[in-house]
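Opened the notebook on this one today. I wanted to look up confidence first, then the interface, the strands and the core.

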Amino acid sequence: MQVEIPFAPEQASTVSGEVDALYAFLWALTIFFGVLISLTIIYFAIKYRRRSESEVPRPVAGSMKLEIAWTVIPFLIAMGIFVWAASIYYKLYRVPNNATEIFVVGKQWMWKFQHIDGQREINELHVPIGRKVKLTMTTEDVIHSMFIPAFRVKMDVVPGRYSHVWFEATKPGRYHIFCAEYCGTSHSGMIGTVVVMEPADYQAWLAGGTAEGSLASQGEKVFQDRACHTCHFTGRAPNLVGLFGKSEVLADGSSIRVDEAYVRESILDPSRKVVSGYPSPSQMPSYRGISEEELIQLIAYLRSLTQQPASASGSAMPPQPAGGAGTGSSGTTTRNGNSSTR
Amino acid sequence: MGTEALEIAPPRTHYINVAYGVKSWLLTVDHKRIALLYLASVTLFFFLGGAFAVGIRLELLTPQGDFVQAESYNRLFTMHGIVMVFFFLIPAIPATLGNFLVPLMIGAKDLAFPKLNLLSWYVYTIGALLTVVAIIMGGVDTGWTFYTPFSTNYSNGNVLLVGIGVFITGFSSILTGLNFIVTIHTMRAPGMTWFRLPLFIWSHYATSMIFILGTPVIAITVLLLALERIAHVGIFDPQLGGDPVLFQHLFWFYSHPAVYIMVLPAMGVISELVANMSRKNIFGYKFVAFASIAIAVFGFLVWGHHLFVSTQSIYAGMIFSILSYAVAIPSAVKTFNWTATLYRGSISYNTPMLYAFGFIGFFIIGGMTGLFLAALGVDVHVHDTYFVVAHFHYIMVGGTIMGYLGGLHYWWPKITGRMYPEGWARFAALVVFVGFNLTFFPQFLLGYMGMPRRYYAYPDEFQVLNVMSTAGASILGVGYLIPMIYLIWSMRYGPHAPANPWGAFGLEWMTSSPPPTENFPETPVVTWEAYEFRPYEETEVVGGSGVEEADIPEPGPRTRH
């Protein structure tokens with residue numbers, strides 16, 4: 001159900017109207033009960049006003065029937081609201097598999113965006129209408145929160161982990177991006193604009209392009225510069241081709257899915273979870289100090305190493321957004337309790 | 001009762017004039033005098049917190065940041081929150097009205113541990129002074145929530161000093177809670193059974209449970225925060241292997257129940273006001289009493305609803321959402337029972353009752369908007385916006401402060417032995433009601449339109465509603481200053497109060513105004529039910545067969561005063 005209401009931001013995503021519908025229902029409920037109780041109180045206050053100072057009315061016994069009624073009815077209404085609201089929540093945070101991914105790095109006090117095709121933006125985010133967009137977000141410093149009122153979405157951006165949120169814009173225009181989690185002096189300056197475009201305009205904007213190449217090729221460059229290939233493509237360390245999205249068996253016998261969180265952890269703290277068959281502690285040095293953006297580029301590169309052979313051979317390893325539905329878990333966050341860089 | 005009690009002569013010596021001099025106050029172990037020490041302290045902090053609010057509202061008058069610097073603004077809202085929550089709202093009702101009334105209402109001479117009671121005021125004062133020192137040194141800019149890693153690694157404010165202040169003050173809550181629980185268990189007058197207790201006592205009992213169980217958690221959390229900030233032990237900082245969201249879990253594990261610390265005592269006050277100002281037994285007494293306990297218990301299970309957008313698992317979010325709805329039910333039950341109590345009452349429009357009406361109205365809006373926030377899909381949008389700010393001010397200011405002011409007026413004759421000027425008081429109540437709504441209602445709309453909280457500057461489209469809010473705040477400020485003036489005036493010039501000016505029911509009205517140091521000349525023996533304005537033989541049964549026999553007490557032997 002989609003409803004338009006006053007005192008609300010523009011409805012510019014597929015869920016905006018649904019959130020507004022529940023919000024409107026809740027106000028209707030509030031007004032109903034508010035008026036009902038207020039009128040009852042006013043009626044009693046007038047009808048039973050004190051007529052003389054010495055007046056003492058007769059006591060009235062409680063009523064079990066009434067008590068049960070006004071316990072059970074509100075409870076049922078509350079459960080109805082819960083189900084309605086939870087279904088919207090599930091939709092908001094359950095990232096679809098076919099969403100286009102955009103990477104976001106928050107820092108005091110700006111938003112940095114990296115597109116798969118290599119475009120980079122600060123405090124401005126271009127997206128087309130009619131396409132599902134997934135934001136994969138982290139931060140260089142404190143907790144921030146990505147809030148786009150017109151899309152009715154918000155998700156905290158937490159240091160040391162990747163969080164995800166998705167939306168599908170429906171109406172071209174320019175909309176606010178706010179940081180919703182207090183983050184220091186210029187918190188209220190950590191704002192930006194989502195530019196929602198018609199697909200054709202968006203293609204034109206993309207074609208305006210970048211000299212740096214796609215995100216994956218930027219990652220490849222980082223990979224070369226840091227000389228990662230001297231081990232990872234020579235057998236001294238796990239071969240990275242086709243690795244992303246697969247499960248690896250660790251030295252202690254447990255297995256782990258190679259996703260953004262694990263890649264990130266392995267770059268920053270290589271000895272924490274060493275793949276079985278390789279020396280532990282790992283011989284790889286820690287790359288603590290690498291920037292969040294470079295980490296994202298490396299992740300994009302690793303992912304591209306999986307996608308190309310998969311599409312070429314048509315094997316059973318389809319590309320899939322990490323942290324998505326594939327794990328069967330919440331999909332809103334991939335966690336790396338270990339480390340971050342500033 | 002009622003009319004007979006009026007004939008108790010004003011006493012020659014009472015707890016106020018029994019001794020003079022600063023020392024007689026600072027070393028007193030009389031719960032009533034300690035209540036007044038607390039009253040003075042929390043009033044001071046109320047106006048200090050209010051002064052910070054003035055700064056906030058002035059800054060938000062225009063979209064640009066122009067009245068103060070961003071850094072100063074961040075300190076203003078942080079100090080406003082810390083002062084109001086920890087040094088006003090939490091102690092306001094329990095430590096003043098509660099301290100004064102718990103022994104009086106159960107027919108005891110004092111609290112169980114009078115010296116501990118005095119100690120709690122000193123502990124509070126030390127914590128408060130440290131915080132004041134921190135404010136003078138420049139304050140703190142973390143928000144009252146102290147979220148990590150901002151508070152541990154990035155803030156350049158006096159986080160530690162304020163943290164220590166909050167830590168120490170917490171112990172005063174624990175001492176007060178301990179004292180109330182022991183007192184209520186062991187010192188009730190003969191015949192004062194649990195179900196004869198005034199509902200004010202039930203709500204303070206529930207509050208004390210939270211004081212004792214919840215406050216240690218905030219103390220530990222602050223300690224961990226200090227440990228990380230000083231010694232760089234990795235607890236919350238991901239750089240050191242910690243988890244920043246863990247802090248939010250720990251913080252809200254205390255701070256959500258703390259919301260009930262603030263509102264439960266006010267609910268107790270409202271139960272007294274509604275019953276006594278309509279001279280009726282509370283409808284569904286046991287339901288109202290157990291609702292307090294239910295709120296205290298469920299209150300510990302809902303902290304995660306502050307973390308719906310903080311990367312918490314969506315399934316955890318769903319559990320916390322359901323539990324949050326569970327805690328809403330007892331609050332609704334209370335509201336319905338207060339309303340039903342008015343039925344066939346003798347309803348007075350005195351100032352305390354006006355505050356009670358105001359409380360119920362604000363509490364409906366504050367409570368219902370709580371349902372918006374517990375609704376997962378809506379919370380994602382309104383989380384950390386002005387919608388939340390409006391919601392909790394409807395509960396904290398519209399609820400707690402209305403209850404506090406209503407209670408203060410209602411028991412003022414008992415506390416001071418003087419009447420306040422009724423006309424002025426009604427006028428002030430009206431000003432507060434209008435000012436409050438104008439201040440905070442627009443903030444619901446602002447929040448849904450997308451204005452985030454803790455914003456120093458904002459886009460132009462939010463200005464009109466912000467101007468309304470600031471205008472309302474100035475009216476509200478006047479509404480709070482008027483009682484301050486006439487209450488102080490009345491302490492000296494108000495007409496002498498009789499023992500029971502309201503024709504109210506309860507042990508505190510069966511002793512003189514103000515009471516003697518030992519509260520009652522002889523230990524009272526309770527032979528009546530709570531709020532038994534007329535004997536229960538005369539009880540009218542509404543709804544017939546639905547009433548359980550047990551709910552209508554057996555008419556006992558009536559040896560009435």
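**Confidence.** I started with chain A, which averages a pLDDT of 86, with 88% of the residues scoring at least 70. (pLDDT is the predictor's confidence in each residue, from 0 to 100.) Over residues 309-342 of chain A the pLDDT is below 50, yet this stretch has 88 contacts in the model beyond near neighbours in sequence. I count two residues as in contact if their C-beta atoms, placed from the backbone, lie within 7 Å.

**Ground rules.** This is a predicted model, in which local features need pLDDT of at least 70 and side-chain atom pairs count only at pLDDT 80 or more, while totals for chains, interfaces and linings use all residues. Residues are numbered from 1 along each chain as its sequence is written, with chains lettered from A and ligands numbered from 1 in the order in which they are written.

**Chain A overall.** I find seven helices and 14 strands in chain A. These are DSSP runs numbered from the N terminus: helices are H or I with at least four residues, strands are E with at least two. Of the 342 residues of chain A, 41% count as buried. Buried is 20 or more other C-beta atoms within 10 Å of a residue's own, exposed is 12 or fewer, and partly exposed is in between, with C-beta atoms placed from the backbone. Among contacts in chain A between residues at least 6 apart in sequence, 68% join residues at least 24 apart.

**Interface.** How many residues of chain A are in contact with chain B? I get 83 from chain A, against 92 of chain B. On the chain A side, α1 (16-47), β1 (60-61), α2 (64-93), β7 (144-148), β8 (153-157) and β10 (173-179) each supply at least two residues. The largest share, 19 residues, comes from α2(A). That side of chain A divides into 47 nonpolar, 24 polar and twelve charged residues. Here Ala, Val, Leu, Ile, Met, Phe, Trp, Tyr, Cys and Pro are nonpolar, Asp, Glu, Lys and Arg are charged, and the others, Gly among them, are polar.

I also checked for strands pairing across the chains (pairing takes at least two DSSP bridges). β1(A) runs parallel to β1 (residues 540-541) of chain B, joined by two bridges. Ala61(A) has Val541(B) as its bridge partner there.

**Hairpins in chain A.** β2 (residues 100-107) and β3 (residues 110-115) of chain A run antiparallel, with six bridges. A hairpin of two residues joins β2(A) to β3(A), and Gly106(A) stands opposite Trp111(A). Next, β3(A) pairs antiparallel with β4 (residues 120-122) of chain A over three bridges, where Gln114(A) faces Arg120(A). Four residues sit between β3(A) and β4(A) in their hairpin, and Gly118(A) takes a positive phi near 110 degrees.

**Core.** Which residues touch the most other members of the largest nonpolar core? Of its 263 residues, they are Val104(A), Ala356(B) and Ala375(B). (Such a core is a set of buried Ala, Val, Leu, Ile, Met, Phe, Trp, Tyr and Cys residues joined through C-beta atoms within 7 Å.) Helix α3 (residues 70-106) of chain B gives the most, 24 residues.

**Leu373(B).** I placed Leu373(B) in helix α11 (residues 351-374) of chain B. Why is Leu373(B) counted as buried? Because it has 21 C-beta neighbours inside 10 Å. Not counting residues up to four places away in sequence, Leu373(B) touches Asp379(B), Val382(B), Val388(B) and His391(B).
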